[in-house]
Amino acid sequence: MLLMNMWRATVDDAPAKQLVMNWNHDANSLQFWRASSNFVYRFEADGGRSFWLRFIHEADNTIANIEAELHYIEYLIAKGYAAAAPVLSLNGRFVETIESEQGRYYGVVFEQAAGVRVQVSGVTEDQLGRWGQSLAQLHLLAEDYQPPLGTKVRRSWEDILRFISGVLERHPNEEAAVAELNRVEQWLLTLPSEEGHTGLIHYDFQLDNVFDMGEREAYSVIDFDDAMYHWYAMDIAAALADLDDLDEAEAVHARTLFLQGYQVLRPLDELLMSELPRFRCFAKLYSFARLLRCIEGLEPANAPEWLIGLHQKVLTWCSQMREGFER
């Protein structure tokens, strides 16, 4: 998300207040939750039930991408997979659009996911195994998924590489990142891409996006916004990155339990498992490009103090990633 758009939309919460009017809601229950890749607000309806309003500026996403995401979620739910369901508006639509002085916003509402959040620091062996099993179940369903004819399909890894390239073209001094992009692209082209290796992945299957439903084996999953066509191994690499902050011995044990859980439902390809660190290179490069893009057009001198601080953090993160490309 462009930081300029983050600033404009959160000044008085005007887009959120306008969008939530399209859904049944309790008065004065709308609360800001976060703004990162999307704006997210919590509100209540139906006697205190929690719902989540998510919206985005037209410069940061398209309605076609959002509709493709929601169709996939509906498919998963119909197949019995636990995911936070989108909610129809009072107008009978899943996606509502509003116009403002800053441009167009697209909003959707989701039910509160079932279950409780799992913290990395307190995750149990049982939870680690079921986490891996839940991802394997998602991949099995993805293998059979077909988007509706005539509709836009989700982005692919090739689309993401084109996005990265476009961002780097606007930042000609990022020579190390361009070299990394070329390395990642050439490597991906060597990987086996036949059926069973690639499909629609979640891309952010980390513990802050899954909820433990306790008595069930599965987790309830949220945030399919970044779903893309990629190697299933990319999903595994992204999920396991969540364990990086554990002590090394704990991290090794936790990864093993996750992978054992995955293999209960779906086999692992030894070649692609050996490439997990290189899949992490793709993720870091994509994150770098998104960070570069988010500060485009921002004039810090005219920004509020909180945005100036965030701008400095983004510059620091970019600098750290840049050093990794140069090694």
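Predicted model: local features only at pLDDT ≥ 70, side-chain atom pairs only at ≥ 80, totals over all residues.
Reader: What holds paired strands together, in general?
Author: Backbone hydrogen bonds, in either a parallel or an antiparallel arrangement.

Reader: Ok, strands 2 and 3. Over how many bridges do they pair?
Author: Over 7 bridges, in the antiparallel sense. Strand 2 covers residues 39-45, and strand 3 covers residues 49-57.

Reader: Which residue of strand 3 does F39 stand opposite?
Author: F55. V40 faces R54 in strand 3.

Reader: What about the turn of that hairpin? How many residues lie between strand 2 and strand 3?
Author: There are 3 residues between them. D46 is in the turn, with a positive phi of about 55°.

Reader: Is strand 3 mostly covered or mostly open?
Author: Mostly covered. Of its 9 residues, 8 are buried.

Reader: How many bridges join strand 3 to strand 5?
Author: 7 bridges, and the two strands run antiparallel. In this pairing H57 stands opposite Y105 of strand 5.

Reader: Then strand 4 with strand 5. How many bridges there?
Author: 5 bridges, again with the strands running antiparallel. Y105 of strand 5 is the bridge partner of I98. Strand 4 and strand 5 make a hairpin with 2 residues between them.

Reader: Why is helix 1 called largely enclosed?
Author: Because 6 of its 8 residues are buried, the rest of the structure largely encloses helix 1. The buried ones are L3, M4, N5, M6, A9 and T10.

Reader: Is S89 buried or exposed?
Author: Buried. The relative accessibility of S89 is 7%, and the cut-off for buried is under 20%.

Reader: What is S89 in contact with, leaving aside neighbours within four places in sequence?
Author: N22, W23 and E96.

Reader: Back to helices. How do helix 4 and helix 7 cross?
Author: Helix 4 (residues 125-143) and helix 7 (residues 232-240) cross at roughly 155°. Their axes come within 11 Å. Helix 4 and helix 7 are therefore roughly antiparallel. The crossing is right-handed.

Reader: Which residues meet there?
Author: From helix 4, W131, L135, H139, A142 and E143. From helix 7, Y232, D235, I236 and A239. By class, the contact of helix 4 with helix 7 has 6 nonpolar, 1 polar and 2 charged residues.

Reader: Helix 4 packs with helix 8 too. At what angle?
Author: About 40°, with the axes 7 Å apart. That angle makes helix 4 oblique to helix 8 (residues 248-265). Helix 4 passes helix 8 in a right-handed crossing.

Reader: Which residues make that contact?
Author: On the helix 4 side they include L128, W131, L135 and H139. On the helix 8 side they include A254, L257, F258 and G261. The contact of helix 4 with helix 8 counts 11 nonpolar, 7 polar and 1 charged residues.

Reader: Last pair, helix 5 and helix 10. How far apart are the axes?
Author: 9 Å. Helix 5 (residues 157-169) and helix 10 (residues 276-294) pack at about 45°. That makes helix 5 oblique to helix 10. The crossing is left-handed.

Reader: What classes of residue are in that contact?
Author: The contact of helix 5 with helix 10 has 13 nonpolar, no polar and 2 charged residues. Among them are W157, I160 and F163 of helix 5, and F282, L285 and R290 of helix 10.

Notes
Residues numbered from 1 in each chain as written. Heavy atoms only, no water. Axes fitted to C-alpha atoms, helices over the stretch in contact; angles between N-to-C directions. Helix = DSSP H or I, 4+ residues; strand = E, 2+ residues; numbered from the N terminus. Parallel < 35°, antiparallel > 145°, perpendicular 65-115°, else oblique. Left-handed = near helix turned anticlockwise from the far one by under 90°. Contact = heavy atoms within 4.5 Å. Nonpolar A, V, L, I, M, F, W, Y, C, P; charged D, E, K, R; others polar. Pairing = 2+ DSSP bridges. Buried < 20%, exposed > 50% of the residue type's maximum accessible area, 1.4 Å probe, protein only.
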